[in-house]
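Here is a friendly briefing to read alongside the model. Please keep the viewer open as you go through the topics below.

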Amino acid sequence: MMNSGFDRRDFLKVLGWGGAAVALSGCGNGSVEDGKETVVSYVETNDYMIPSISVYFNSTCAQCDAGCSITGRLREGRVLKLEGNPDSTINRGKTCGLGQAGVQHHYNPDRVREPLLRTGSSGEAITWEKAYALIAEKTKGVSGEEIAFLSGGVSGHLKVLLGNYLDSFGCKNHFAYEAIAPAVLRAANKKSYGVEMPRFNIGKAKVVLSFGADFLGSWVSPVHFSQQYAQFRKGVDGQRGVLIQVESKMTLTGANADRWLVVRPGTEGILALGLINALGAHGVALSGDVAAAVKGYDKARVSKDTGVSAEQIDKIVALLKARTPSLVLAGSAAEGYAHGSQNAAAINLLNQVLGNVGKTVEVAEVVPFPQMAPTTGNTAALRKLNDGLAAGKYKVLFSYAANPVFTAPGAMKFKDNMAKAGFKVVFAHYLDETALQADLVLPLDSALEDWNTQVPEYLATCAQINIQQPLMEKLHANTRGMGDILLALLKQRRAEEYKGFEDYYAYLRGAMLKNKAALGGGKLDDDTFWNETLSKGIVKLEGRVGGLSGRASAAGLTLPAPAAVDAQYPLQLIPSVNASLRDGRHTNQPWLQESPDPLTTIVWDSWVEIHPRKAAELGIVEGDIVEVSGKNGSIKAQAYLFPGIHPDAVSIPLGRGHEAMGRYAKGYGVNPFQILDPVFDKETGELALHETRVKISKAGSRVIVVKDEGVVGGMQMGKKIAVRVSSDKVKLSEEV
Amino acid sequence: MSVSNLLENWSEFRHLHPVDDVPHDPYKWAMSIDLDACSGCNACSVACYAENNLPVVGKEKYAHGQAMHWMRIERYWDEDGREFPDQGAQFLPMMCQQCEAAPCETVCPVGATNHTPDGINSQIYNRCIGSRYCSANCPFKVRYFNWYDYPTTDNVWPAEMNQQLNPDVTVRGKGVMEKCTFCIQRVTVAKNNAKNEGRIVHDGDVQTACQQACPTSAISFGNLVDKESKVYKQWKAQQVELDKDAQAKDKNEEGRSELRGYRIFEELRPYPSVMYLERVRESAV
Amino acid sequence: MMKDISEDIAWAKINKDVLKSLENPRKLYWVILFIAIAMVGVAVGCEVYQYNIGMGVANMDNPHMWGLYIATFIFWIGMSHSGTLLSAILHLMHADWRKPIYRFAEAMTTFSLMTAGLFVAVHLGRVWQIYYAIPYPNGRMVWPNFQSPLLWDAMAIFTYLSSSILFLYVGMIPDLAIVRDNMHSGWRKKLYSALALGWEGTDRQWRNFRVTYLTIACFLIPLAVSVHSIVASDFAMSQQPGWHITSFPPYFVAGALYSGCAAIITLFIILRYVFKFEEYMTLSILKKIVRLTFAIAMVWTYLNLIEYASVWYGHDQASKDVLIQKATGPYAPFWWMMNFCGSIVPLLMFFKRFQTNIPVMFAVSLLLNLGMWLERWMIVAPTFSHGYYPWTWDHDQWPSLIQWGIVFGSFGWFTLLFMVFCKVFPSVSMYEVKEMVYHRKQATKKLATAGKGAH
């Protein structure tokens, strides 16, 4: 039913719907088809709207940047549920919990509904005309250097429009910021492989050795990797893939590993070099520079530095040698240090030594429209913006799809620095922490109401452009799509150039039709091509294929010795990334708040993970409110005794602790971003998320931890409930 | 109305499930869940909230054990006393097992929970008086009671949020029991579509919400009577039979079996319709 | 040897004394009545709140689906058994000493059943649909589930309640006629006239009366045994560890008789004081009830130990875990207290000097009932907290004040009904006491004659 393709009738539905949505999201109220007013009525409904019959429209999930294609189910003009679009090579019909909650982003009761202008300490609802006029007024005569535009990762036509708008000022201050992004890895990959994001073919690997890459939870493109993982487990030639996860705090991926290795925080690179050294000792040919680089990393030293036993290293080496191809991944846990780049380089080097490059690390296709290619976010951008703000450089600040007041380390004093900007415009979905600091808040359409195109950073098997289209009418009359806003702003600057486009939809359609041939629709007429594009929700392309470059020289690859224990702050704080809450932008979606953290099963609150041994040392039991304090502040949260963490580390999940945003987010939990030490990766300048050192003490009170697991925690008490079996006892190849 | 009338009507409902029972024809819905593929990501659970109008109860009620997750993901640790869980965790999606001889069905005083001819354990909300005996007798504790009137509770479905509610699924008021239905609303649509085309439902015509979302495709759902269905093939391959309380695997000597399929609490003889496949752990590391 | 009753009480005095209880009890009566009404008020308030907001306010959860309501329901059902024991079983066994006390025991049966019935309603999530549980004729042929022990329960309780009311009423007819004849005109006179059904005390009436009374008594005995066996089935027929125990029906019946007898002692002492019944509710009778209670206590103790032993030596690990959990887990203080109150405290009754010691017996009887209430709670709650599925084990759930309030109020409700009954109806059977006195006189005479003859 849902898997069957779309027939001609469905094309018409899409067309009709597009028309209706455009009518309401654009400036006028006329339908594209016949210019009539579009009113939804059961008596004379649109032909796609049959009471009690569901219709389905394809679009793109905007909950994260992975670019999964979705199919929205509609009844009586309301979107009810999002499913994966089976045609997408990224998610192949699957979705994650975060994606499922997209409807709650759309229907959220705490959305901003009117443009708000700050008057003193409160906001006043104003009209869009006034808002646009105000922006025109404030940007008049302002030079390009005095304007800053902060955004999350952007791609597609929105990126083009944004670029053009900033261009109209001669402004080069576009800061693409993502609080948790594999930015160090991108740089390391660029050096090692020649591309920022190659294709990691987990499905083809027989062994995956992951250094803290939570590819089943939140890393890069988790739904895609989850499918690859399933394939990997079934095995190539009937041999089940083996997953070894190396990290200091267990992630969801770590929980699924055959072997989870706890390492001293920050020593991932040392272990990688140690493994190369051991491989060399076991007869794997190492080139001179590599051999030189790993020379000092003998088993005894590596074992001492990392805490991984020598036998374990031998076992892994034997496995890596015996089963090829393998795949080594460097994840956020490895890159979150001041020497994150070196860690990632060392780990990538292991891939090269194992000969995985070209086998399981492959080159990804690239969308042949460089202007639409994703501008990925990172934290170095925020640092730069913050410095500029602190220096009072900016008269006008725009912020879109970012919440830096919440996600910037407290020590950066972003909130104070932001106040120094002359006029602050925030395009907002919620009145979040950043929107509250704005002078002008402009309410955005939800992703289920808006038009867009998107190019995912991680392309699975082919190059593709994702179409985001409205699944239903706008819920609120006075929200606007980001594309429409940018178009309106551009018209202020370059009226002549953009006068032909009534709205963003028209622009998008025009832009796509112009490149019809390149988009694979050369033989089709405009309407057919457009309808087909919309009904599919995806444009698959012949991508450009470059090659992976030869490896970077290992010369100069050095890793610092493990940091000495800081007597005052003896513990390492690991801010963990929950697959649902990520950096906290979706915390106001109640399904996600109530969806238990997979490892601790805690809901609605933050917690401090601490190893039972450490807890016993400190006299901490579950539910104790503990104060976690570092050089840059302290937070209090409930303790949770968690075996999957290094005893010298504590972990607090990111995403909670909002002081604003909405009823489901505000006041639940604490925000560890606030106490992060401002330590940066030496090569890339990225914020080193895992470099904060803290101490922990009991704050006195105790609470009952709100979680799903029962009083006996994760024990089965001798009952046969979740059963496991050793791999030599099953024949997976004979299974269905 | 007479006593004989009463007894005759009643006798229709008396079956000895599933051993003496009329075979399910043409449908017997069943599931198999591969724990080796399941990553514990919770996507299924959220999808279930979205599909089945489950209320978000909030922190306070969750703290009181009143959560309404029809599908919960349980996380188990190895109990071998090691300092670190170096073989990871075990995840188990647990929802109503749709038992063939369901302990809940016999005890309901008003017959609000019944076995359908398709082998699904149905729950009639309108009939339920809230004695909660079914839950008391459920070995898996997968039945969830409406302790409050969620449709009128603040911030459960406030304005706009209520527009997301699935019109194919009842929104339950206070005082009734509810549980996983195997997405009966989807099954019904598929059956009707098939009927209109004069055939039975093919494998893949219907997916449950959890199955559809599952990023690792760990969940299979289908018709156990249909020999072409994946579920049938999986059960067959694992030699798990619906009406047995011990399977081929159990009869083997300890640890010798190459089969992974098992059902939880089989020894209690509820004859669950959900087969789990054991998680595999690599022996080489 | 103490006499059950003095042989020289004039019949007119019996009438006068008992009728006095309808007129002017001690002040304590009004105090008790007032407290009872206040307690009912608390319960009504709690129930109104729970009805409006939902069962969640009782702080039940998954897995704690049942709480104090069901435990207290069993408690009240159990309490009802003593009336039947005294009035029906002892009647058939010609135990004369029951005569001054069976009337209030029978009233206790009726009122505790009425209280128990309320708990079914209070417990239901949708009490407004409670009639679904009754096999009433309906056009859609929708029947309740006859497989469910809960349905048997509903039917058994209804049958038992109606039979008990009938039994109480029928046994009271000759007394109602006495009251009617001694009443000044007014609403009460009209009431008694109607209820006395024109009783004249003719020979034919007496003959019919005896036959009817005996018939109902015979009918009631198996009913009493069945009703608590069926309540036991609610648990024994389920599949849960700690419930699925074959010995539950006799165990429940013994427990029921036990708590009922203990309650009789309590009420005996209260009534004796409040209505100045010292002459009729004599210490000798008290001693006999105490001995009976002691015997039942030992039977209960035996069955209790059997239950533990059968679980302990059975092969069901889950049941065993529940038992261990009871003895060591969060419920341990209550479980040990139940065993103490149920099996150790009654040992005091073994000693003659305590058997007629009113303050001691009053305290003991209260403790026994506390023990029996705890027993019911310990049957219900630990199984929920520690069932088959470890993931859902919940040892921390504690009933909310709403639950406690309703349980507390139920005692007020029972007391209220009982006290009103005692004020409106003769709580001591006048005609049977007269018989007793008569028999006593005959016996004394016979003894005297026999003595003379010996000389």
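Helix α7(A) has 13 residues and reaches 18 Å from its first C-alpha to its last, close to the 18 Å expected at 1.5 Å a residue; the expected span is 1.5 Å times one less than the number of residues. Helices here are DSSP runs of H or I with at least four residues, strands are runs of E with at least two, and both are numbered from the N terminus. This is a predicted model, in which local features need pLDDT of at least 70 and side-chain atom pairs count only at pLDDT 80 or more, while totals for chains, interfaces and linings use all residues. Residues are numbered from 1 along each chain as its sequence is written, and chains are lettered from A and ligands numbered from 1 in the order in which they are written.

**Helix α7 of chain A**

- α7(A) is mostly covered, with 11 of its 13 residues buried; a residue is buried if 20 or more other C-beta atoms lie within 10 Å of its own, exposed if 12 or fewer do, and partly exposed in between, with C-beta atoms placed from the backbone.
- Among the buried residues are P222(A), F225(A), Y229(A) and F232(A), and they also include H224(A), Q227(A), Q228(A) and R233(A).
- Part of the cover over the buried residues of α7(A) comes from β9 (207-211) of chain A.
- Just after the helix, look for G235(A), which takes a positive phi of about 95 degrees.

**Where chain A meets chain B**

- The contact involves 80 residues of chain A and 72 residues of chain B; two residues are in contact if their C-beta atoms, placed from the backbone, lie within 7 Å.
- On the side of chain A that touches chain B, helix α7 (residues 222-234) of chain A supplies the largest share, six residues.
- That side of chain A divides into 42 nonpolar, 16 polar and 22 charged residues; Ala, Val, Leu, Ile, Met, Phe, Trp, Tyr, Cys and Pro count as nonpolar, Asp, Glu, Lys and Arg as charged, and the others, Gly among them, as polar.
- Strand β26 (residues 724-726) of chain A runs parallel to strand β11 (residues 279-281) of chain B, and three bridges join them; two strands pair if DSSP finds at least two bridges between them.
- Within this pairing, S726(A) has R281(B) as its bridge partner in β11(B).

**Strand β15 of chain A**

- Strand β15 (residues 423-428) of chain A is mostly covered, as six of its six residues are buried.
- F423(A), V425(A) and F427(A) point one way from β15(A), while K424(A), V426(A) and A428(A) point the other way, and all are buried.
- Strand β14 (residues 396-400) of chain A runs parallel to β15(A) and is joined to it by five bridges, with V425(A) in β15(A) as the bridge partner of F398(A).
- Strand β16 (residues 440-443) of chain A also runs parallel to β15(A), through four bridges, and V441(A) in β16(A) is the bridge partner of V426(A).

**Chain B**

- Chain B contains nine helices and 11 strands.
- The C-alpha atoms of chain B fill a box of roughly 65 × 45 × 40 Å along the principal axes, and buried residues make up 61% of the 285 residues.
- Of the contacts in chain B between residues at least 6 apart in sequence, 62% join residues at least 24 apart.
- One open sheet of four strands in chain B has the order β8-β1-β10-β9, with mixed pairing.
- Its edge strands, each pairing on one side only, are β8 (219-223) and β9 (261-262) of chain B.
- β9(B) pairs with strand β10 (residues 274-277) of chain B in the antiparallel sense over two bridges, and Y276(B) in β10(B) is the bridge partner of Y262(B).

**Chain C**

- Chain C has 16 helices and zero strands.
- The radius of gyration of chain C is 23 Å, close to the 23 Å that the globule rule gives for 455 residues, so chain C is as compact as a globular protein of that length.
- The C-alpha trace of chain C spans about 80 × 55 × 40 Å along its principal axes, and 49% of its 455 residues are buried.
- Of the contacts in chain C between residues at least 6 apart in sequence, 82% join residues at least 24 apart.
- The contact between chain C and chain A takes seven residues from chain C and nine residues from chain A.
- On the side of chain C that touches chain A, three residues are nonpolar, two polar and two charged.

Key: The radius of gyration is taken over C-alpha atoms; the globule rule is 2.2 Å times the number of residues to the power 0.38.
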